[in-house]
Amino acid sequence: MAFLSYLFSGLSLGSVYAIIALGYSMVYGIAKMLNFAHGDVIMIGAYISYFVMASFGLPVYVAVIAAIAVCVILGVTIERFAYKPLRQAPSLAVLITAIGVSYFLQNGAQLLWSSSAKMYPSVFGNGQLHLFDGQLSISYLTIITILVCIFVMVCLSLFINRTKTGSAMRACSEDKGAATLMGINVNRIISITFAIGSGLAAIAAVLFCAQYPAVSPTLGSMPGIKAFTAAVFGGIGSIPGAFLGGLALGIIETLTKAYISTQLSDAIVFAVLIVVLLIKPTGLLGKKIREKV
Amino acid sequence: MKTIFDKKHISRTTTYLLVIVAYIVLTILQKTGNLGSLFSGLLVPVCCFIVAGIGLNLNVGISGELNLGQAGFMSVGGFTGVIVSGALSTMIPNGIIRLIIVIICGAIVAGIFGYLIGIPVLKLQGDYLAIVTLAFGQIIMSLINNLYIGIDKNGFQVSFINNTLELGEGGRVLLSGPMGANGIDRIATFTAGIILVLVALAIVYNLMYSRNGRAIMATRDNRIAAESIGIHVANTKMLAFVTSASLAGAAGALYGMNFSTLMPLNFDFNSSILILVYVVLGGLGNMKGTIISTAILMVLPELLRSLQNYRMIIYAIILILIMLVSNNATAKEKISGLFKFLKKNKAEGVEANE
Amino acid sequence: MSENNKAPILEVRDLGIDFGGLTAVNDLNLTVYPEEIVGLIGPNGAGKTTVFNLLTKVYQPTRGTIKLCGEDIGKMTTIDVSKAGIARTFQNIRLFMNMSVLDNVLCGMHNETKYSPFTGILRLPKYYSQEKMIEERAIQLLDIMDLKDDMDLMAGNLPYGAQRRLEIARALATSPKLLLLDEPAAGMNPQETEELMNTIRFVRDHFKIAILLIEHDMKLVMGICEKITVLNFGMMLAQGTPDEIQANPEVVKAYLGE
């Protein structure tokens, strides 16, 4: 029973990683860039939702909507002013710019809201669901997190596979040049991608802070790195891959903490990533690339 | 032989000269008391990051593989150095000799780590390789965070995860997990730092303009063509990776000897990223650029100190603007236009005053 | 050429490769004698470049044997094949674009120089003597390929025709016994092609090597090849002298369709 309980908390952590990883993966798939500032967008989302709930006393759904709105605007703005001018630049230049944006957001937050951590209000209460005559208790937070992740995943799959914009996105990720020739506005598609990724980051922010209720300017770094790892784990650029990678990473991390060692959990998570990449060099669901001679 | 040396030779010579002139000027400033304590404190760390940056530039610029874990190798070198120095402190009281041994040990151990890590890592390509170097950086930090080493009459004692060291009389703790190493004998000097920079430059330049250096660049430019003319791609990449790791290890060893305390967190992911920023801003494959950009970007936050809380945000903005200006023609135009506008206003202001 | 009293340089027997279920090359037999220029022609998609990739072991053959000077190279890696004496150029030019023209050729002599990384870093005497030797030879090669004046330029800044010549120079730098040229005249104007034909003949005579070339320019192929092999759908369609090939109705049909 203890195992099942760990599994559920792993799934819940993994769900948060998965939602963040979706943002990384979509942006990578379409803009072919590693958006290092993604973790900091999560941090901004966390602060916005914190203020809506703690300062204005508004309910959580208002906080989520407000965080999504701010993050979407933020994400699109960053893309417009920092990344768009670098469409033709080497990928390393874009990477460094993303790092600059990350510093900017972290230090901006520190300036506005100080570096000391703020206590995030309890969002979903401490209620628990008791199963098997009370042998297995799962908190409502865990259940809600997992359900939200599944909901997000289903919506995103429908959007990508069933809508016109979604197929335009797939076209852009295959070949931007050909997509332009087909009359697709590539810049608009990239903006939409950043908007979706940042919106997902806001959702992840609320779920993450509900689990780890301390909001600080560096809040986004670690989940950011972990989710980036998850995206690569699943095969970067692949949406089901990001989902799978996120869940796998969350479960591995939680089980390692429970059964092997708390201190070494990070080392083990990254070691698993390396082993996976050695067996499948482009991640679990990544496409194999073969250079034509 | 003329053709090999002409233009490249001049560029290399100016780089060496730049370092030596900087050394002379800074030493005079320091000796005459014109260098503030903040800048004096930065001299050795800047040298260390320059050496690590030169190594990373060999890896990223010359070999063309993105590496997000350079600080991990600095960490290996740094803690190796601290342990070696601690163990040898009574045997070799002479600081200079001990420092040389420490740096060499740091370089060798980091090089061995580089080799072991390189075996799996170099099978991957592009962003996948980058993420694995990131992962290794994290793993190294996590392992050192849980490592406890002590020394007493009976030799070394090592424990992992939990501190179970039971040291005999006169025993000393060399490394204590997340607290790192304390009470380090600070034997690093600016002169040692500059010599290390010059040695690193010589290693990388001489390697670049040799048979193996050409193979490294050929592999970067076109892997398939390189194989077709008989270049062993895996060995070649490994040579660049291990050399880069060794240089980072040497840099880390010197860095560790500059402070009384060294913690695993000193070499976190952010440090790896910082080194990468220095290298990219200085220009890929351009060692002189790495030296200049590392020095400027490390001193910049200190210069901006008067701006207090705003300094890091201004630093970030400068970073973004540099990338935009150096990579986008329109942005370059707009920003240089802005500068011209400011200049013009200033000039007009001067005229009005007269 | 006096085929019968010389041992062949290259002997390919029943060579074939499958990609998944698709057979790209099948039952290929090919013999190249010393100092011979052999053409490999065929319609687009006939598998010509695949043959080169098989000979240089970019792909591993599914069937058949490849012998270079009697030695079986079927199990070798690309690197060992280069050391054994096959050099090639590529259809889509693969130069080291961010290196100088001279460095590109020096790279080709990678295995001719034998000093270790330490010798290079420490600048031991062996470094200087070996570098001097290969540099002299590289400049000679560049002179032959009419690139001597451009040797300090970046390879990426050369015009197209010069890039093709540089690729040949780099391949020759490995001191091959057999040179594989993949569409050397692609993108060249008639005058450049004419000069290239002379260069190829000169290279053969000067270095005494055999050349196997893929080319669509029939004037070049018929002009310099002593022997031609025609491929179609991965199968050998015909083999013979230029005159025989031109007169072969099967070949005409393959090219023009029915």
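A: We can start with one residue. With 22 C-beta neighbours inside 10 Å, C:Lys57 counts as buried. The cut-off is 20 or more such neighbours. Keep in mind that this is a predicted model.

Q: Where is C:Lys57 found in chain C?
A: C:Lys57 sits in the loop between helix 1 (48-55) and strand 4 (63-68) of chain C.

Q: Which phi does A:Lys32 have, positive or negative?
A: A:Lys32, also not a glycine, has a positive phi of about 55°. This residue lies in the loop between helix 1 (2-31) and helix 2 (38-55) of chain A.

Q: Is A:Lys32 buried or partly exposed?
A: A:Lys32 has 15 other C-beta atoms within 10 Å, so it is partly exposed. A buried residue would need 20 or more.

Q: How do I check the length of a helix?
A: Helix 4 of chain A (residues 91-113) has 23 residues, and at 1.5 Å a residue it should span 33 Å. Its end C-alpha atoms are 33 Å apart, so the two values agree. Just after this helix comes A:Ser114, with a positive phi of about 65°.

Q: How do I read the overall form of a chain?
A: Chain C has 10 helices and 10 strands. For its 258 residues a compact globule would have a radius of gyration near 18 Å, and chain C has 19 Å, which agrees. The C-alpha trace of chain C spans about 65 × 40 × 40 Å along its principal axes. Of the 258 residues in chain C, 47% are buried.

Q: What share of the contacts in chain C joins residues 24 or more positions apart?
A: Among contacts in chain C with a separation of 6 or more, such pairs account for 67%.

Q: How is chain C divided into domains?
A: The domain assignment gives domain 1 (1-85 + 176-258) and domain 2 (98-175). Their centres, taken over C-alpha atoms, are 26 Å apart. Domain 1 of chain C brings 12 residues to the contact, and domain 2 of chain C brings 10. On the domain 1 side, helix 2 (78-84), strand 7 (178-182) and helix 7 (190-207) of chain C each supply at least two residues. Helix 7 gives the most, with 4 residues. By class, this side has 7 nonpolar, 3 polar and 2 charged residues.

Q: How do I read a contact between two chains?
A: Count the residues on each side, then ask which elements and classes they come from. Here 35 residues of chain B are in contact with 36 residues of chain A. Helix 5 (126-145), helix 10 (269-282), helix 12 (311-327) and helix 13 (329-353) of chain B each supply at least two residues of the chain B side. That side has 25 nonpolar, 8 polar and 2 charged residues.

Q: Which residues touch the most other members of the largest nonpolar core?
A: That core has 285 residues, and A:Ala204, B:Val51, B:Leu254, B:Val277 and C:Leu178 touch the most other members. Leaving out residues up to four places away in sequence, B:Val277 touches A:Ile96, A:Ile99, B:Leu297 and B:Leu319.

Notes. Residues numbered from 1 in each chain as written. Chains lettered and ligands numbered in written order. Predicted model: local features only at pLDDT ≥ 70, side-chain atom pairs only at ≥ 80, totals over all residues. Contact = placed C-beta atoms within 7 Å. Nonpolar A, V, L, I, M, F, W, Y, C, P; charged D, E, K, R; others polar. Expected span 1.5 Å × (residues − 1). Rg over C-alpha atoms; globule rule 2.2 N^0.38 Å. Buried ≥ 20, exposed ≤ 12 C-beta atoms within 10 Å, placed from the backbone. Domains from an automatic or database assignment. Core = buried A, V, L, I, M, F, W, Y, C linked by C-beta atoms within 7 Å.
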